[in-house]
Amino acid sequence: MLKFYFQHRKYGIQAEWREKYLEYQYDATIAAISTAVSSAGIGIVRMSGPEAVEIADRIYVGKNGKKLRGQKSHTIHYGYVVDGEDTVDEVLVMLMRGPHSFTGEDTVEINCHGGVYVVKRILEILIRYGARPAQPGEFTKRAFLNGRMDLSQAEAVGDLIEARNKYALQSSVSQLKGSVKKEIHRIRKKIIYHTAFIETALDDPEHISVDGYGQELRVYVDEWMKDIRHLLDTCEDGRIIKEGIRTVILGKPNAGKSSLLNVLLGEERAIVTDVAGTTRDVLEEHINLKGISLNIMDTAGIRDTEDIVEKIGVDRAKRYADQADLILYVIDASRPLDENDREIMRLMDGKTSVILLNKSDLDVVVGAGDVEEMYRSCNPKRVELRYDGNLAKMQRTSSDCKIICGEIKKFTIPIIDVSAKDLKGIDRMEEILTSMFFEGNLAFNDEIYITNVRHKAALKDAYTALERVTESIDSDMPEDFYSIDLMDAYESLGHITGETIGEDLVNEIFSKFCMGK
Ligand code: GDP
């Protein structure tokens, strides 16, 4: 039993290709430009592999005349990069010896001046002197293959680089520190322990009995399923953290949708005109609002139209509204509501929405009461619409640090007076939006958010496998049925940490990384 247990715990199942890969890869020292290739203060060219120090020494001349070879790990050296007779740049060279480096291998990072030509020239010289160009993500891939991090942490490195808001950054840092890894390890360890017990008992029925073990196992499986369910429940919030809130701006032509988008963006991107129906296509913009991201789509005004081009836009608006996390419904409060508004309100049914009574700088003819009356007449579901004046008490009422304030999200549609022209009510709208989605701060210390769709799929597979175990137990199937499905769950969870995935998938994951990472 112990042998079985440790074998799986240590290596996972498909360790073989990993060993082979490492053997082959140990020959190569890779190099890449790790900073953006554009004019900047500094640029970094990074090299990793068994010959990193040797190759660096071929092109580096220390100001003190010393070579890197005899230097201690984690030290910085000042000197020049030379190419034959040419001095190419004045540099600082960082030396980190394996296994205590990011990749686990000897690593040299050359900090040079950040000119496009300079960094490219240094890379070209390194390659001429023995390094090979790194593939995208290859440094992180080596870190993973050398056991410096698991796959969830390696993916967090990619997410961290891509992070577009405070929460996405916080979440990826937490995953980089190993929050997902630890939780998955914890569950896997328990699963493998019980699988090993069953396997051993089946091998040695004379000494180990599994009588009544099914019922005992059932309790554990329920517990693991609960843990996995909990992780799966964070996926929706995780997606919002990582990708932003899919937001659709709806409203009749000329209500002020484009003007509002421009205000939020702080620039003139959408075309603002007096002719109804000019916003024909759907613009997508990314806006950072106090730490959250809105992926905002300004759509063609909803109205009956014969115009083909515009019709495409209207249909698309309806489709987007369907997929949206949030609908911003802009009403021109200086004009009466009509059938088109009713049509829009139908699209809002069951959706998290905010209603903006725009053009409040003009003489208004539509009030919150009119909106509420119409909304109720076309949406039978019980929803509370609250005018901004009564909203104050909704703010930050929840003291716990949960993401997305469920109560507001599900049952309340705030109605806010704004003027895109005079910027009135815009700050208030931003405040309400942030509090609708993120009440207080996220509790990252004890809450893990699953932000990766691959992890979500693996968790679902593991959950389904465990469900099969409970079915087998409940229908008194033989014990080896349990262990087959337990192993399935164990393997699926191993996809997240990378212990049980194949070479192709690893290659695919890292190929999406940027160059030099
Ligand atoms: P869209 O068709 O909904 O995108 O509407 P636009 O943003 O193109 O705006 C239509 C017209 O309304 C333009 O002339 C805007 O200048 C005007 N407009 C937009 N917002 C306001 C507002 O808050 N107050 C006033 N007075 N005019 C506005």
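Trainee: Which side chain does Arg 454 meet in a salt bridge?
Mentor: That of Glu 155, with 2.9 Å from N to O. Keep in mind that this is a predicted model. The two residues come from distant parts of the chain: Arg 454 is in helix 17 (residues 453-474) and Glu 155 in helix 6 (residues 151-162), 299 residues apart.
Trainee: Are Arg 454 and Glu 155 buried or exposed?
Mentor: Both Arg 454 and Glu 155 are buried.
Trainee: And what does Glu 499 form with Arg 188?
Mentor: A salt bridge, where the closest N and O atoms are 3.1 Å apart. Glu 499 sits in the loop between helix 18 (479-497) and helix 19 (503-511), while Arg 188 belongs to helix 8 (residues 179-203), 311 residues apart. Glu 499 and Arg 188 are both buried.
Trainee: Where do Arg 218 and Asp 222 lie?
Mentor: In helix 9 (residues 213-233), four residues apart, which is about one turn of the helix.
Trainee: Why does Asp 222 count as partly exposed?
Mentor: Because its relative accessibility is 37%, and partly exposed covers the range between under 20% for buried and over 50% for exposed.
Trainee: How many salt bridges does the structure hold?
Mentor: It holds 30. Asp 83, Asp 86, Arg 121, Glu 124 and Arg 128 are linked by salt bridges into a network.
Trainee: Switching topic: which residues form a nonpolar patch on the surface?
Mentor: Ile 76, Tyr 78 and Leu 92, together with about 290 Å² of accessible area. Leu 92 is in strand 5 (residues 86-96) and counts as partly exposed because its relative accessibility is 41%.

Definitions and conventions
Residues are numbered from 1 along each chain as its sequence is written. This is a predicted model: local features need pLDDT of at least 70, side-chain atom pairs count only at pLDDT 80 or more; totals for chains, interfaces and linings use all residues. Side-chain values use heavy atoms; hydrogens and water are left out. Patches are made of residues with over 30% relative accessible area and no salt bridge: like charges are joined within 9 Å, nonpolar side chains (Val, Leu, Ile, Met, Phe, Trp, Tyr) within 5 Å. Accessible areas come from the Shrake-Rupley method with a 1.4 Å probe; for residues, only the protein chains shown count as cover. A salt bridge is a side-chain nitrogen of Lys or Arg within 4 Å of a carboxyl oxygen of Asp or Glu. Buried means under 20% relative accessible area, exposed over 50%, partly exposed in between (1.4 Å probe, protein chains only).
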